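Here are my notes on the side-chain contacts in this model. Please read them with the structure open.

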Amino acid sequence: MKFTVGYQVNDSLKKSILANKEKIAEIYFPWGNFTNGRGVIESKYVQRQMEVDLAEYASEGFEMNLLLNGNCYGRYAQSRTFFMSIGDNVQELIERYKLGSVTTTSPLIAKFLKTNFHDIEVRASVNMEVGSVEGMKYISQWFDSFYLKREYNYNYKMLKTAYDWCVENGKKLFILANSGCLNFCSAHNFHDNLVAHQHEIAEMDNAYEFHGVCHDFLSVAENKKRLLHYTNFIRPEDVHLYEGLCHGMKLATRTNRNPAVVVDAYCKGKFSANVLDLTEPSHAAHMYPTVIENSKIAPDYAEHRLHCKKECLQCGFCDTVQKNASVDLIDTTHLT
């Protein structure tokens, strides 16, 4: 399995990427003031350092993937100047870093790229939540590859159906391996829209902060006990199960506190510590003082979940796995 890794200004991450280059196919990155899934780049230092790092990655033979995956581009979404700017920047990135692909949430950006840059692979972002063959067919004229809706990471039938359709139609299928987002989150689109406008929101006198409904949901003890059930991340040890089900896996590393650990774990296919340290977002703080020790998770966990009947209300398998893998860091037995 080949991985696509998110850029972050981080020396340890760079060392890990270079050390694992045989396992990593691609580096994905934002650019300039284009809104992406993490807002916009507002630091000149970050931009300058990123330019240096991207040049090194390109020289080492990594494929380069530009993120134009913001959930909203406001009044510019259909403007002529917006697309002229995209064209100028894509051309620059092709010349500087041999840009090979763009991930986007916008069908209009996809159409523009396929019309003007025939050699660029255009990929449907995971934020588009494409979750069926029909969903891929609707936009197949403008997209060459797709991220499958993260909630189907453990649905073998859906994965196989989507992968086979992609192969038959000259497309590619990708999945996000280490998302910490809750399945079928009701506020996901709202949150993504906030992120797209976060540079504007930061200028306002805001009445509320919003960090995602997962924070409140996981503050409830009973909900914490079912975290595995509510999430869809794939452990490093289980990546091999997805050979023949996708063309590659995305590792979310752009905001992880220790992205080198994430890359090393997935490239080695093994991790012994709190599995939540690998996810983005990480819910480790919500679970403290309990950790989910990855080495204690049942070896058949992923294979069972891939092929189960999805009768979660009656099952309890994931809850039992989590209970058996949970370790308390603080002994509270003496407390009353």
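1. Start with helix H6, which covers residues 156–168. Asp164 and Lys160 sit four residues apart in helix H6, so about one helical turn separates them. Their side chains meet in a salt bridge, 2.8 Å from N to O. Asp164 is partly exposed at 26% relative accessibility. Lys160 is partly exposed too, at 29%. Keep in mind that this is a predicted model.

2. The wider count comes next. The structure holds 16 salt bridges. Side chains of opposite charge can pair when their charged atoms come close.

3. Lys21 and Glu60 form another of these salt bridges, at 2.7 Å from N to O. This pair links distant parts of the chain, 39 residues apart. Lys21 is in the loop between helix H1 (11–19) and strand E2 (24–29). Glu60 is in the loop between helix H2 (44–59) and strand E3 (63–68). Lys21 counts as partly exposed, with 30% relative accessibility. Glu60 also counts as partly exposed, at 34%.

4. Now look at Glu121 and Lys172. They form a salt bridge, and the closest N and O atoms are 2.9 Å apart. Is Glu121 buried or exposed? Glu121 is buried, with a relative accessible area of 13%. The cut-off for buried is under 20%. Lys172, by contrast, is partly exposed at 31%.

5. This pair belongs to a network. Salt bridges link Glu26, Glu121, Arg123 and Lys172. Arg123 has a ring contact as well: Arg123 lies over the face of Phe174, 4.0 Å from the ring centre.

6. Lys250 lies over the face of Tyr28, and the distance to the ring centre is 4.9 Å.

7. On to the ring pairs. The count of aromatic pairs is 16. One of them joins Tyr147 and Phe174, with ring centres 5.7 Å apart. Tyr147 is buried, with a relative accessible area of 2%. Phe174 is buried as well, at 8% relative accessibility.

8. What is the geometry of the pair formed by Tyr301 and Phe317? The ring centres of Tyr301 and Phe317 are 6.4 Å apart and the planes are at 10°, so the pair is stacked. The cut-off for pairing is 6.5 Å between centres, and stacked means planes under 30 degrees apart. Tyr301 lies in helix H14 (residues 301–307) and Phe317 in helix H15 (residues 317–325), so the pair ties together parts 16 residues apart in sequence. Both Tyr301 and Phe317 are buried.

9. Last, a ring cluster. Which residues do ring pairs link into a cluster? The cluster consists of Phe34, Tyr73, Phe82, Phe83, Phe112 and Phe117.

Technical notes: Residues numbered from 1 in each chain as written. Predicted model: local features only at pLDDT ≥ 70, side-chain atom pairs only at ≥ 80, totals over all residues. Heavy atoms only, no water. Phe/Tyr/Trp six-rings, centres within 6.5 Å; stacked < 30°, edge-to-face > 60°. Buried < 20%, exposed > 50% of the residue type's maximum accessible area, 1.4 Å probe, protein only. Helix = DSSP H or I, 4+ residues; strand = E, 2+ residues; numbered from the N terminus. Lys NZ or Arg CZ within 6 Å of the ring centre and 35° of its normal. Salt bridge = Lys/Arg side-chain N within 4 Å of Asp/Glu carboxyl O.
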